[in-house]
Structure formats: structure tokens, C-alpha cells
Amino acid sequence: MQGDGSEGADEDEWGGFGEDDEEEQDSTTVVAQAEHGGSNNKSKPPTGQELRAIQDASLLYRSNSFKLQIDALLPNVRPKGSQKSPLDHFLMTLHTFLRSLPSIPAQHPLLAYKSLGKQGVAVPYTLPFPTRETKWKVTFEKPTDITLVGSWANKISVKGKDDKHFGVDIAVEMPESLFQEKDYLDGRFFFKRSYYLATIAAAIQDEKSALNVEVFYEAALNDPRLTTIVLRPHKDDSQSDFSNLHAQVRIIPVLPSPSPIPFHRLSPSHTNIRTSSDDPAETQLSTPLYNTTLLLSSLPKADLLTNHKLKEISPAFQDAVMLLRVWANQRGYGEGSQLCVRGFEGKGFWWAALLGLLILGEEPSSTGKTNVRQKPLGRGLSSYQLFKAALYFLSRHEFSKSAIFVKSSEGHTFPPEEYVHHHSAVFVDSSSRVNILANVPLGSLELLRHDARKTLEILDHPTSTSDDPFTQVFLREQRHLSTRFDVVLRVELSRAKLSSSVASSSELDHGSSDNALLSSLSTVLHHGLGNRTQAVVLLHPSSEVRLISEVYPSRLTSIYVGLIYDSDHAFRLVDHGPSVEDQDSEEAKQFRNFWGEKAELRRFKDGRITESVVWEVKTSDERAHIPSMVVRHLLGRHFSLVNEDIQTWQAQFDSSLHFPDSVLDLHESSRGSTGFKAAISAFDNIVKGLKALDDQLPLALLNVSPVSEYLRYTSTFSPLPIPASSSLALPEPLRYLPPMDIILEFEKSAKWPDDLRAIQKMKLAFFESIATVIMKAMGGVKATVVVGETSTKTSAIQDQASLEIMTPQGWAFSARIWHDREATLLDRIINDKPRNRKVGQITDVEHNPELHEARQAKELYTRRFIHAPQHHRAINNLCHRFTAFAGTVRLVKRWLASHWLLQCHVSEEAVEIICAHIFLSSDGVGTSVTDASACVPRSKERGFALVVEYLKEWEWENPLFVPLYSTKDSIVSTKPTGAVVSASSRGVWFISTEQDTEGRVWTAGGPDLIVARRIRSLAVATWDFLCGIENSSGFTVKDLFIHPTVHYDIIIELNSSVLPRYFQNVVADPGVWSRKNVSQGSDMGTVVRPGFDPARLFFNDLARTYGETLKFFYDPYGGNRIGAVWIPTLKNPRLFRVLGGFSSIPNKKENEKAKDKGLVVLNERAVLDEIERLGAGLIERIVLQNS
């Protein structure tokens, strides 16, 4: 809106997007019609124009469907053209009003402040506040020019996140007469700007203005120097009511052109703030941020012209900017109700400048820091190609090493060296004056690089099992801290202090104490963490509008620090500094000053003596906390913060996987080596012992395969042995010893019988022979032959024998023999057609028990001897490839178990494969994914959050394929084409791998439909709880694992003192196993019983006996309650029939005259009495709910 131009000529500039919308619609229609075989008549072949549209879409937009998705997205993020008319009318009214404002005589800034204060309008003066000794004055004259600028003027405005308003920026040019040449000094320009702004705000607020809008102040990054006026309409349905457009008008005072302030005084090296300090060194500090902020007052008009030029050069520029801004908004690089990435608030023009670099190219730099000059791209690129080129540039460019100067026709205003020496990141726009990234921390740019890499991985390597790439890139919310960062810290700022030596000058340069503090904090953390992290990011709430009666924006009370680990360096124990020879050097002094008391001279094994910082840890879990320990130390050292001011949740997650301290204390006397490595070492010793027995056994042992979660690092709890000699000293609730399953494979021999029942007997004889010789050969080892499954009824042809081996150190193993002949014999029974014909071609299990028995045995054989060893090796490989994989699996298992779902409804192997999907789905090449991939989590906490996010969105009606075993070349041929459900399966999950194309090995028995929906609801609730980390300091991890029981009909409470696994309970009471409450030396405690879990056995009995009456749930990790719900179909009366499957009683008649229809109903009381008798000695009480 030109001040002296005709108003009518400007109406077209403010118009809607009608013509553009029509063009887009035409383009979309052509492609869509071509996709469906023509425009009007489906029998006609595609026209030449339609074929060209299809080809162009494939070449320029990745695919036809991707172009259609972009074409559908853009109209939905643009402002509605039909709703722009009231805004146009308001802008014309505002233009007229501003041009008619009266002049105000010059006056002292304090008098001006008091005068406007009487009208309820504060003048947002910057620091330091004017004093009575101030000699300059402030005044007001009507604007010399009023221009519509920014994204709205160039039609690149997009819908903001979280219902934020569209921004309509108005540049109000302040008259040249208001300023003097030296107003660049000591904030004088900003004082005069503030008064000018406040005068306009007071005039608009006056009822006489008749503008009928709400008036606010707003300051990007809470910097008072960037304060603007925000106008929002009242809802009155008037001609100027643009509330339906959901837009707000922002008034920005700008410098006149030509500028009365000489730009050469605003170079990054100039010092334009004079302090009263006597220290000459302090007064000579340059003020690069102050100078840049002042230069921003000349940017809006230049930015408007530049973007208009780019639109003419590249027709796709407009859509490309909008795509880039949508992508950025989804990731927190802008305003919103959630946390904003530090430095990007109010940086909407940066995304257009980035594309400007790609279109115009880069100036040759004389700094020597730009290794490869960015050359201009082709001008005929599509919006998607420009968008992807921007991501490619961001993913490869390191702003800490290379300065960027966009090509300009006028050349550099300031020497490039000045930008490089005074800014950590440099991106000078085409005006060649303003460094757009002057106040953006390097950590934020590193996160931007990380997100660009992650997006390119999704676009370049889409997986068939993942969401549509378009959805992941443009539509999915990506701002959640728990899934974005490997560790998150919440920092309270109320006690934070800057060093007194830099506080005053830094605050003046940054505009506020908060900005100075955050800048220093970001610099210190970035330097201290070094290559431990790929990104160190500060996040805080976006600036909010404030009343015009408030002088300054509200202070920040807390911020969040997000870390993305570099797994190669994150957990190192020592940071090395200068060597002892450089003890007196400046570098050594800076090292000691930076690290404080943590810095010390150390001699290392290679003979070096260096300044070092050593991080003391005792366990692997503590080692994962080293980056957080670094942050805590640096914040305390440099900002006077104490531990209570810094909150992280890693230790709380760790505690859910650890035994209580009192349990470890009771085990202390008998504890030797514990943990996964000790368990694997014990396994290796057993293998060596068995291998040495070849001469004493009928057949030579070929292989011993581990198939236990304790031997692949994925058991919820770390393995803890119980030596037989010390078992009597432990109370009953602490005596659980898990057996670790192993598979024995012997050489092939014709001596094995050809009868399945005889094979099982032969295994017993084999085990008896092994037990005899191993106890003789290995001192202290005890071996016992175990027959049958105690929890289920087994058939004579099914594998049922195992050898239980106990080592002197207290480790337990359960060995089984794999004989491949069993599969052949079972297949003969299953595929025996004459046998099937004898039962009338019916193969249903009710009519052919032998066939059913064979199928069950074959399913068990395949799962136990074929898939289990393969699964073990694949998962064990993932644990070594990805640092966070094992911890993620352990947390997810603990979470599902604590909510009474693991083992009883969801197999542990299915959980491991789902977790593997999170780590492998970041790339379409399966095993080529490495820990360095941008999508791969590097902490168990982040991995857990990603699994929960996946489970809440997973549409399990579609099969999930996980490339668990494959190489890059074998994936295409092994992916399943569909799901096949066997007649006997109850599960609704289909989780397939290359070895299990049907996806039923680990999910055939569950979860069923009810449990699957329950898991989804649980994931949704857990996700909402995890999101609370961003909104409250009261977030407690333990609450994630507390299971609500209000939805159960029955709660069976068990006696905790007789449960060997009770010490694993989430809320275990240490008093239960205290020596005062538990008697020692009981008959049951004289023998170590590996795997003995009465609660599990009782649960299995209940599920087998009452499975058609009740659905049961319980926590396998020390749960002392069993929940149950009545099967809904049994609540209605039904006709009596023999063997109905549930306990029933005659239905009561409604009245005496009613006919007896022979209906029966569930006898709930009888069922509960039977359960109570079955659990005598184990059940404390049965609680009825929802009666």
C-alpha cells in the first residue's frame, strides 16, 4: 500500500488467490482425469495433454499421486480468497487512518512515557531505560509511506500451527526528520521507534479511531527491540470484520529510504553501545546483534522486492516456499502453542531467503570458509524439486564451518570477514547487509540439518510398511520432545546468573537478560558436549501478545534442552585437554576455567599426561547418563544452577528396570558376577562342558543355540543368579530364578526311531545320559530331567522333555533336543490324504483329533526349533548394531507387563519384532540401516516413545513386515502380499518377516480383537501422558507403569509373601520380604526351583478352565493381582445345552405365570467359589467390581 499512490490501484494487490486457485484446479484436474483414463468419457484414451501431465508429474513431483497430494495440500494452508474482502476494506481504512494522524511535538522520552501512560499505553523502551540526563527527544509525525509487506503481500502466507493467525504485515515508514545521524548509538533509534509505535497503538485504541480492533504488543524472541503492534478484529459482522479469515495485522515501523542512519556504522564489528564502565576493554566490545537488529528495520521492503523477483524468475517459488514452511511448522521452527526451536521464532522470511540462495546462487567468498560454492539451480524446477533441493542443502551444509552470502547485484556492503568473526552462523541475504542467522544458535541449525537428513531418508527410501511419505513429511506432528530427542532436560531459570564480567554488555547486545542468558547457555553447552551430540537444542514457548499497557514481554521461567546423541562419542568416559607440556598455555587456562574442579592432570596407559575431565560411572545405565551429567556440571559451573533446577527423566526410566535396593542388599552375600555378560559367560562355559562330553555320548554335539531373552540382552530385568548354597538365606518373595532356554543339535543318525512317541522316549534317555556325565565332568553342576509342560496338557507326540542344568554360580539352563526327523513324521500325518478321507473329507479338529494333535505338535516344533533360534540371532544382532535397541525392548516389555498384557496375551518375541521395526523402518534397505541414521533413536527413552507412538497409530488390520533377517537385495521378493489366518489362530496381529511370511508364528495365540484394541487405547493414554513432559514439571515416569483396575469386573488379590517374583512388581512393598515378616528355612525353600512361578501357573489354570467364561489379565513380573472381565455374550439368557462351556443356573421367571422356556444364565457365584477353592493358599481375597 503506497502512501502516495492511488487506492484503487492497490486493491488488486490485496486481492485473493482466485486466479491462482483456478490455475491450480485446472492442473490438478488434468492429472486426476488422466489418472482415471480421460476427462469426460472413460472409454476414450488419454489425450496428448493428459499424457504430458502424467509424464511431467512423474518427472517433476516424484510421482503422480505425490503431485495430487501437494495440489490438495496447498489450497488448505492458504488463506481463503473468498474471505479476504473484509480484510481489504480494513487495510484501506487503516491506511487512511494512519495517514491522518496528527504530529506530536518533540519531548523528553520520560515525559512522553508518562503522557502515554495516562492513556493506558506503555512505551516499550529498551534497556538501558532513559534517564533525566538524556539530551535527545522523541516526536511523532505521520508515516511517509505505508506498504503491505511480508508473506501476505507475496502470496506465500501459510496457516500457522495450533490455530495461530495468518500474519498480515504492514511496514510503516517513519519520517526521516525524526532521526539524527548518530541515532545508531546507545539504543536511541529503538527508543524513538518504541515511542512511534506506542503513539500509533494509543491512536488505534482510541474509540474515535472507529477501527474496532483489539490492540496488542508482540515481540519476537521476547526482544523489546523487535516489538510490533498486533491488531485483531472484534466479531461484529461489520464490513471490516475479517475475523473469519483468522488473520491479524502487524504494524512494523521501518527506516525511511534513503536511511538517515549510515549503514556503514552498523557492520558486525562496530561498537554502538557505550557503557559507563571504567574498564576500557569492556567498552570496546563489538555489538553485532544490536547492529543486526537495527538493520532489520530496513529489511521488510527489500525482502518484498526480492521475493517478487524470485517469483518472476522461478514460477514454482511460491509453492516451494509454502511447502518448506509447512514442513518447518510441523517441526517447531516457528510460532505455536507447543515449544519453539530457539532462534526461529519470527523467522518466516528465512525460508524464502533459503530458496533465494538456491535460485540466485552464492557469492564467491573471500573468507576461505566456503568449500563449495552454491550454484544457481534450473529455473524450471517444480515446487517439489525446489523443496527437496532446500532439504539437500540443509542436510549437507555445516553453518559452523561455512558462511553463506546470497548473490547480489550490488555486492557486499560489509567485508565477509566481519560476519565470520562476530557470528557463529552466517547467512547474508541478497540485500548484502543482514545476517539472517545472527541470533540463531548453532544447536538449532544442527537440529535443522538433522531433520532435513531424516526427511530425505523418508523421501528417498520409503518402506511399504510405513506411512505414506507425504503424510510423514507434511502432515504428521513432529514437535514432540520424547520422540525427537534422545534425552530431554527441563531447566528452571529463576536462579540462573550470567558471569558479572559479561552480563551487562551481553544483555545490551542481545536486547534482554533472557536472550543473553540463553545465548550464553547454548554456547557453553555446545562447546562442552562437543562431538558427543549431533544437536544441542534449546526449546521454549513462543512469545505471546501482551496488552499495550505492559512495557516488557514476560520473562522465561524455564526452558527445555534437547540432545541428539552421536552414538560413537556420546558415552565416552574422558574428555582430553592440553598436554602437560602446555600447562601454562592460554588453551590450558581456558580448559581449566571452563571445566572448573572437574579438570585434572591424568596419566594414561600410553604414557600421556594431559588435562582431563573424567566422568565416574558404575554401571552401563549410568554411562548412558554422561551427556546429562555434562549438562548438569556446566549449568552449575557457569550459571549457578543446582541439581534441583535441572530435571531429567532417565534415572526414573532406569529404576523401572532395576531391582529395589533392598533386594540387592539381600543378594549381596551370595552375589558373584551378575548381569547379561555374566549370563552369557555361564552359557559359554556350559557349551564348553557339553562339547567336551562327545566321547561319552552316543552322538556328537554339533551346535548349542541360545533362545533365551536373557542371552540376547532383551529381558526386562538383568539376570541375577541364585546359588543353591545361599537360597535358604533368601525370603520366598526373592527366590525366583529364571531358566535360560538352549537348543542342543546332535549329528544325524539312522539310530533314531521313526515313531514320534518313541522319539520323545529316546530324548528322555538321551537327557538321562547327559545328566549323568555332565555332573561327573563338571564339579558342582546339577542336572535334572524335566518331563512335560506343567501349565498345559501335552500329547505324546509333542516335544515335552528338557534337561534342567544348575551351575554352582546359581545360573539355570533348560536344554531341549532338536531332531529334524520329527518334522517329516508330523508332515506325514498332516498330509495323509487316505487317513483324512476316512473321516469323510472333514479335517476339522472336532472330527479328527489325531490331525489336530499333529498340527499342534508341528506348530510347536516350528516355533521352538526353527524360528526361535533364528529370531534369537537376529535380535542379538540388532542389540549390537543399535545402542538403544535392547533398552527400548526392555522398557516396552516392562510397560506391557505392568498393564497386564505381556506373555498372557502378547508374546515377548512379537514385542521384540515391533521394536525392531522402529529401528529398521527408517530406511527401505533393511540391514543397511546403521546407528548413524537420522531416524534411529539412540536412547531407550526415545525408542520407547517411538514404539508407543507407533502402537497408537498402527492399523493392525494390515500386515506389518519387518526385514529382520534380509539383505538389501532380498527384501523385494520376501515381502508378504497379504495376511493368511489359520483356522486355529486367535490373534489379529500379523507381524511378518522373511522367515514368517504369514506373520503368525508369534501372534497366532494373541492378541485377539479385544486385547488389540486395549493395547491401542493404552498406547493413546500413554502417549498423552508422555506429552505432559512439555507442559508440567510434575511428570513422573513411574505413573506410566501404574495400571488402573476400574474396568475389571473381578480382581483376584494374591498373597504376596508366597510369590517368588513379587520383588519384580512395579510397586513392590519391601516389607513383604523383610526378615521380620518372612520365616526362613521353610520346606519349600530348601531346593532352588528354576522357573517356579505359582502366580503364572495359577493364571494358566484359570485361563484354561474358565477361558470361555472370563478373560484374565495379570502382570508376569511379580504381579499380585489378576484381573478378569466376564465374556459379554454370556450375560444374556440362552437355551440350556449339555457341555455348554460355562457354569449356569436356570433363568428366573419374570412372574409366576410366565412360561418356562428352559433358559439359563451364567452362575457367577459358582464360578467365583470354584476359583477361590482352586487358589486356596494363594488367594487372599476376590474383589467384585462393576456389579
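**Note on burial, cores and salt bridges**

1. Asp-71 is buried at a relative accessible area of 11%, where buried means under 20%, exposed over 50% and partly exposed in between (1.4 Å probe, protein chains only). This is a predicted model, in which local features need pLDDT of at least 70 and side-chain atom pairs count only at pLDDT 80 or more, while totals for chains, interfaces and linings use all residues. Residues are numbered from 1 along each chain as its sequence is written, and side-chain values use heavy atoms, with hydrogens and water left out.

2. Asp-71 forms a salt bridge with Lys-67, with 2.6 Å between the closest N and O atoms; the term requires a side-chain nitrogen of Lys or Arg within 4 Å of a carboxyl oxygen of Asp or Glu. Lys-67 is also counted as buried, at 7% relative accessibility. Helices (H or I, at least four residues) and strands (E, at least two) are DSSP runs, numbered from the N terminus.

3. The count of salt bridges comes to 50. One of them joins Arg-476 and Glu-953 at 2.8 Å, N to O. This pair links distant parts of the chain, 477 residues apart: Arg-476 is in the loop between helix H17 (469–475) and helix H18 (481–484), and Glu-953 is in helix H33 (residues 940–953). Glu-953 is partly exposed, with a relative accessible area of 33%.

4. Asp-799 and Arg-816 form another salt bridge, the closest N and O atoms being 3.0 Å apart. Both residues are buried. A network of salt bridges links Glu-709, Arg-712, Lys-893, Glu-908 and Glu-912.

5. The largest nonpolar core has 230 residues, and Trp-350 and Phe-427 have the most contacts inside it. Such a core is a set of buried Ala, Val, Leu, Ile, Met, Phe, Trp, Tyr and Cys residues joined through side-chain atoms within 4.5 Å. A second, separate core of 73 residues includes Leu-101, Val-149, Ala-202 and Tyr-419.

6. Tyr-217 lies in strand S5 (residues 213–219) and is buried, with a relative accessible area of 0%. Its side chain reaches the backbone oxygen of Ala-122 at 2.7 Å. The C-alpha atoms of Tyr-217 and Pro-553 are separated by 8.7 Å, although the residues are 336 apart along the chain.

7. Thr-1109, in the loop between helix H36 (1094–1106) and strand S27 (1110–1114), is buried at 3% relative accessible area.

Conventions:
Polar contact = N/O pair within 3.5 Å; in protein donor to acceptor, adjacent residues only side chain to side chain.
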